[in-house]
Amino acid sequence: MNKQKSAKKPSLLKAFAQPSAWTMFFLGLASGLPFLLPAGTLSYWLHDSGLDIKNITMIASAGLAYSLKFLWSPLVDRLHLPLLKRFGQRRSWLLLAQSGVMAGLLLMSWIGTDHLGLFIGCTLLVAFAGATIDIAVDAYRIEIAPTEAQGALIATYSLGYRVGLIVAGAMALALSDLVSWSRVYQTMAAIMAIPVIAVLLAREPTTSRIRTDGWRQSMYEGVVAPFVDFFVRYRMSIGLLLLLFVLIFKISDQALVGGLMGPFYRAQGFEKTEIAAITKIYGIWVGMVGTFLGGVAVAWIGIRRSLLIGIVIGAVSNLLY
């Protein structure tokens, strides 16, 4: 019986050694790299170009595309791309979205902030394509490996994602002290070619997908049905309270991210290399430690008390500024 149990136990080494795990590392890089470039990192470029805070925060709000990606996720899940059909459903969307990020970054570097209207359009393209990468990566990960291997895939994806954040944050800011911002964004576009090569070498999931009849049913099942199920399960009053809680839970720190913090740090006299070292390198790992401590707190004192403590600490920490 012990032999049977050990035979069913998944091998940790085998899970991490599978090619899909390392594919997910590069897909994590593809997801993390564009996340800061149309928002946080962009605010430093806009500040150096002499734009005021109002315009900086407005342009850097392009990152909101990541919050709205559920609106076109059914399209990514179900629509076939004729010209890229030979790569399969998941890889074709990954290649299209990654190409969109590269094109948007290059166009931003060539157009510059002197032609602000076109520049904003390219920024929106990068944000939209980056959010689409997230959708396609999640679908690819779920379909490429069985449930028992998903832990390894999530781990390697998270590692790649963190590397992408460091490259688009710390590396980009440090480079901007040495070369122009146009060169920085061209470098980011070149780095984006690495996950493109990984997608070309990866295999397409061989899974059978349930197809819906028509676009209307696809949108209903992908967008409307989850909200209907949510309110049926929790009732309208409790459901609205839960949504309100989710909306305001992180408002204290969301007010200090995006386009606002870059100009604030620069106004305090900090060099971009200093900002990169503290916020983009140490800050990422401190966040990971906080995630671990949050898990410990939930196990120790429960989720309600942990949430209350997190809300209070998050809000009070803003006073340190």
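The model is a predicted one.

**Whole chain**

Start with the entire chain in cartoon view. The secondary structure consists of 17 helices and zero strands. Colour the 321 residues by burial, and 39% of them fall in the buried class. For contacts with a separation of 6 or more, 77% are between residues 24 or more positions apart.

**The nonpolar core**

Next, select Leu33, Leu42, Leu105, Met108, Tyr185 and Met188. These are the residues with the most contacts inside the largest nonpolar core, which has 65 residues. Which helix gives this core its largest share? Helix H8 does, with 12 residues. As a general matter, nonpolar side chains in soluble globular proteins tend to be buried together.

Keep Leu105 selected and show what surrounds it. Leaving aside residues up to four places away in sequence, Leu105 touches Leu37, Val126, Tyr185, Met188 and Ala189. Two of the names in that list, Tyr185 and Met188, are also among the residues with the most contacts inside the core.

**Thr132 in helix H8**

Now select residues 116-144, which form helix H8, and pick out Thr132 within it. Is Thr132 buried or exposed? Thr132 has a relative accessible area of 3%, so it is buried. Show its contacts beyond four places in sequence: Trp72, Val76, Trp93 and Ala97.

Turn to the charged side chains. A search of the whole structure finds eight salt bridges. Side chains of opposite charge can pair when their charged atoms come close.

Select Arg90 and Asp77, whose side chains meet in a salt bridge at 2.8 Å, N to O. Arg90 belongs to helix H7 (residues 89-111) and Asp77 to helix H6 (residues 73-78), and the two are 13 residues apart. Arg90 has 3% relative accessibility and therefore counts as buried. Asp77, at 27%, counts as partly exposed.

**Lys272 and its partners**

Finally, select Lys272 together with Asp48. The two form a salt bridge, and their closest N and O atoms are 2.8 Å apart. This pair links distant parts of the chain: Asp48 is in helix H4 (residues 40-48), Lys272 is in helix H16 (residues 272-301), and 224 residues separate them. Lys272 counts as buried because its relative accessibility is 6%. Asp48, at 34% relative accessibility, counts as partly exposed.

Where does Asp177 lie? Asp177 is in the loop between helix H9 (150-176) and helix H10 (181-191), while Lys272 is in helix H16, so the pair ties together parts that are 95 residues apart in sequence. Asp177 counts as partly exposed, at 34% relative accessibility.

Notes:
Residues numbered from 1 in each chain as written. Predicted model: local features only at pLDDT ≥ 70, side-chain atom pairs only at ≥ 80, totals over all residues. Heavy atoms only, no water. Helix = DSSP H or I, 4+ residues; strand = E, 2+ residues; numbered from the N terminus. Buried < 20%, exposed > 50% of the residue type's maximum accessible area, 1.4 Å probe, protein only. Contact = heavy atoms within 4.5 Å. Core = buried A, V, L, I, M, F, W, Y, C linked by side-chain atoms within 4.5 Å. Salt bridge = Lys/Arg side-chain N within 4 Å of Asp/Glu carboxyl O.
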